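The following exercises concern one protein model.

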Amino acid sequence: MVEAGLIEQITELGWKVTFDGHHQFDAVDVKNDPPIGILKNPRLVSRVTQAVAQAVGDQVRKGVLPVTLGGDHSLAMGTISGSLSVHPETCVIWVDAHADINTAESTGSGNIHGMPVSFLLGIGSKIEEFSWVKPLLKADRLVYIGLRDVDAAEKRILRENNIKAFSMHEVDKYGIGKVVEMALDHVNPNRDRPIHLSFDVDALDPSVAPSTGTPVRGGLTFREGHYICEAISETGLLVALDLMEVNPSLADDDSVRQTVQVGCSLVRSALGVFVYLVRRDNNNQCIIP
C-alpha cells in the first residue's frame, strides 16, 4: 500500500503525513516460540502487539491520528490498547467477516488473530505473556459490522457479553446507511466519544478484495465498505484507524493489485471526508506506524 502511493494520496487530501517506516520485529525467533496450550507464536504476537500499542499510544497522546497498516488482525490488540491508554472512553467499530473474540479455552485453531477482542475485553483465562493487555474496552463500546463467519463459541460469547453485532443479514435488511447509524447510536449515542475504526479487508466480498488470508463470500460491496469509512469520517471523532489483512503474498498479481488499491481507497475515505468538512489548517497530521 505504501509502494502504491498511499502516503502521497493522503498528503493530497491535506494531511501532514509522517511515515514511521516498516516495522520489523526480529527479537523473537518463531522456531523458539513454542505454543502455550494450542496458542501459536504467543511470544512473537505479544512482543509485536505490545510494541504497536506503545507506538499508537504515543501518537494519540500527541494529538495526531495513527493509521496502522497491518498484517493479521491480532495487531488490533496493540492498536486499540494504544488508543484506550490515552482515551479510555474510546468506542471501537470493528468491521470484519469474523468476530475475532475466541478465548484460549474456545479457540479451535490456536490462531491468536482470532482472539484479540477477548484480550481487550478481559474475558477468558489469563495468559501471562499477554498480561500487558489491560481490559479497558467495555462491551457496550464495541460494535461489529459485516459478520458472516462466526464460530459457535464466539456466538455464545457475544450473547453472554451483550455485544452488539450487525451481520451481513442486517446490512441486507436495513441497508448500510441505517446499520452505521444504529452502530453509532449504540456505542456513541451522544456522538462525543473518540472512535477507533478497525477495518479488516475480509469484511469486503472476495470479488472486491480477493488478496486476503480468510476470504468469505457474501461480504460488503465496494461502496458499502467505503460508506462505513466515510460515515465515521463525517463524525469528526476518528482518533485511530487500522486497515488489516491486505496480503500481497496471496493470489495472482491482478488480485493483489486490486486489493491494494481498495485498501488505499478505504484509508482515503476514512480520512478524506473529515478533512474536507473540517479543513483545519496545514497542521493536520496523520502518522502511519
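Two residues are in contact when they have heavy atoms within 4.5 Å. The model is predicted: local features need pLDDT of at least 70, side-chain atom pairs count only at pLDDT 80 or more, and totals for chains, interfaces and linings use all residues. Residues are numbered from 1 along each chain as its sequence is written, and side-chain values use heavy atoms, with hydrogens and water left out.

**Exercise 1. The overall fold**

Task: Describe the extent of the protein and the range of its contacts in sequence.

Solution. 
Step 1. Helices (H or I, at least four residues) and strands (E, at least two) are DSSP runs, numbered from the N terminus. The protein contains 9 helices and 8 strands.
Step 2. The radius of gyration is taken over C-alpha atoms, and the globule rule is 2.2 Å times the number of residues to the power 0.38. For 289 residues a compact globule would have a value near 19 Å; the protein has 18 Å, which agrees.
Step 3. The C-alpha trace spans about 50 × 45 × 40 Å along its principal axes.
Step 4. Consider the contacts between residues at least 6 apart in sequence: 72% of them join residues at least 24 apart.
Step 5. A residue is buried under 20% relative accessible area, exposed over 50%, and partly exposed in between (1.4 Å probe, protein chains only). Buried residues account for 54% of the 289 residues.

**Exercise 2. Salt bridges**

Task: State how many salt bridges a search of the whole structure finds, and describe the setting of the one between Asp 33 and Arg 43.

Solution. 
Step 1. Side chains of opposite charge can pair when their charged atoms come close. The criterion for a salt bridge is a side-chain nitrogen of Lys or Arg within 4 Å of a carboxyl oxygen of Asp or Glu.
Step 2. The search of the whole structure finds 6 salt bridges.
Step 3. In one of them, the side chains of Asp 33 and Arg 43 meet at 2.6 Å, N to O. This pair links distant parts of the chain, 10 residues apart: Asp 33 lies in the loop between β1 (16–19) and α2 (42–62), and Arg 43 in helix α2.
Step 4. Asp 33 is buried, at 3% relative accessible area, whereas Arg 43 is partly exposed, at 29%.

**Exercise 3. A pair within one helix**

Task: Explain how Arg 156 and Glu 160 are placed along their helix.

Solution. 
Step 1. Arg 156 and Glu 160 form a salt bridge, with their closest N and O atoms 3.3 Å apart.
Step 2. Both residues belong to helix α5 (residues 152–160); because they are 4 residues apart, about one helical turn separates them.
Step 3. Arg 156 is partly exposed, with 35% relative accessible area, and Glu 160 is exposed, with 56%.
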